[in-house]
Amino acid sequence: MKVLWIEDHEPVRTMLAHAADKAARARIPVDLVMAEGLLAAERRLRLERFDLVIVDLQLPETGDDVDMAVARVANMGKHRIAVASSRPERDEVVSSAVRCGANIHPQAVFKAGLNFNRFIQRPESFEDFLLELMPAAGARSTVRAA
């Protein structure tokens, strides 16, 4: 799975890089690409194909317009989008994008609640987290529950 994570906070990017490195060493098929902002992400989206794009709503280019990041990423291709942010408006942004028909995970992820250390210590938990954000995850969990 090829994932683009748009994140402007250096400590978070560092932890994600460690998690991706551990996943690669464990031969888990996750190719994580980081973008420091929306402009860098747009450059990558023009040149590469991603299965999943994870967006932080608080980026330097967006200012207080929390909808802008999701709207711009949604218009750049057919990839799945997920929101991982600590902004209080995150759930409203996702609900709005769902109503507009975007290919977005229906629940925002509270970034401050993510256990990055667990992703580093247990690489399979990082892969599980990413797979849960994909569209087929809901269908798989329903089948398992039955």
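A: The account below begins with the sheet and then turns to its helices, one arginine and the aromatic rings.

This is a predicted model, in which local features need pLDDT of at least 70 and side-chain atom pairs count only at pLDDT 80 or more, while totals for chains, interfaces and linings use all residues. Residues are numbered from 1 along each chain as its sequence is written, and side-chain values use heavy atoms, with hydrogens and water left out.

The sheet is open and has five strands in the order S2-S1-S3-S4-S5, with parallel pairing; strands, like helices, are DSSP runs numbered from the N terminus (E, at least two residues, for strands; H or I, at least four, for helices), and two strands pair if DSSP finds at least two bridges between them. Strand S2 (31-35) and strand S5 (109-110) stand at the edges, and because each has a single partner strand, one side of each is left without a neighbour in the sheet.

Strand S1 (residues 2-6) pairs with strand S3 (residues 52-55) in the parallel sense over four bridges, and in this pairing Ile6 stands opposite Val55 in S3. Helix H2 (residues 38-47) packs on the sheet, where H2 touches S1, S2 and S3, and its direction makes about 160° with that of S1; contact here means heavy atoms within 4.5 Å, and the axes are lines fitted to C-alpha atoms, for helices over the stretch in contact, with angles from 0 to 180 degrees between N-to-C directions. Helix H3 (residues 66-74) lies across S1, S3 and strand S4 (80-85), running at about 160° to S4.

With S2, strand S1 pairs in the parallel sense over five bridges, with Leu4 opposite Val33 and Trp5 opposite Met34. The chain crosses from S1 through H1 to S2 in a right-handed β-α-β crossover, a term used if, with the strands pointing away from the viewer, the path from the first strand over the helix to the second runs clockwise. S1 is also mostly covered, since four of its five residues are buried, where buried means under 20% relative accessible area, exposed over 50% and partly exposed in between (1.4 Å probe, protein chains only).

In helix H1 (residues 10-25) sits Arg13, which counts as buried at 11% relative accessibility. Leaving aside residues up to four places away in sequence, Arg13 touches Glu7, Asp8, Met34 and Glu36, and a polar atom of the Arg13 side chain lies 3.1 Å from the backbone oxygen of Glu7.

The aromatic rings come last. Rings of Phe, Tyr and Trp (its six-membered ring) pair if their centres lie within 6.5 Å, and planes under 30 degrees apart count as stacked, over 60 as edge-to-face and the rest as tilted; by this rule the count comes to four aromatic pairs. Phe116 and Phe119 form an edge-to-face pair, 6.2 Å centre to centre with 90° between the planes, and because they are three residues apart in helix H5 (residues 116-121), about one helical turn separates them. The rings of Phe119 and Phe126 have their centres 5.2 Å apart and their planes at 50°, so this pair is tilted, and both Phe119 and Phe126 are buried. Ring pairs link Trp5, Phe116, Phe119, Phe126 and Phe129 into a cluster, and Trp5 in that cluster is the residue that stands opposite Met34 in S2.

How values were computed:
A polar contact is a pair of N or O atoms within 3.5 Å; within protein, one must be able to donate a hydrogen and the other to accept it, and residues adjacent in sequence count only if both atoms are side-chain atoms.
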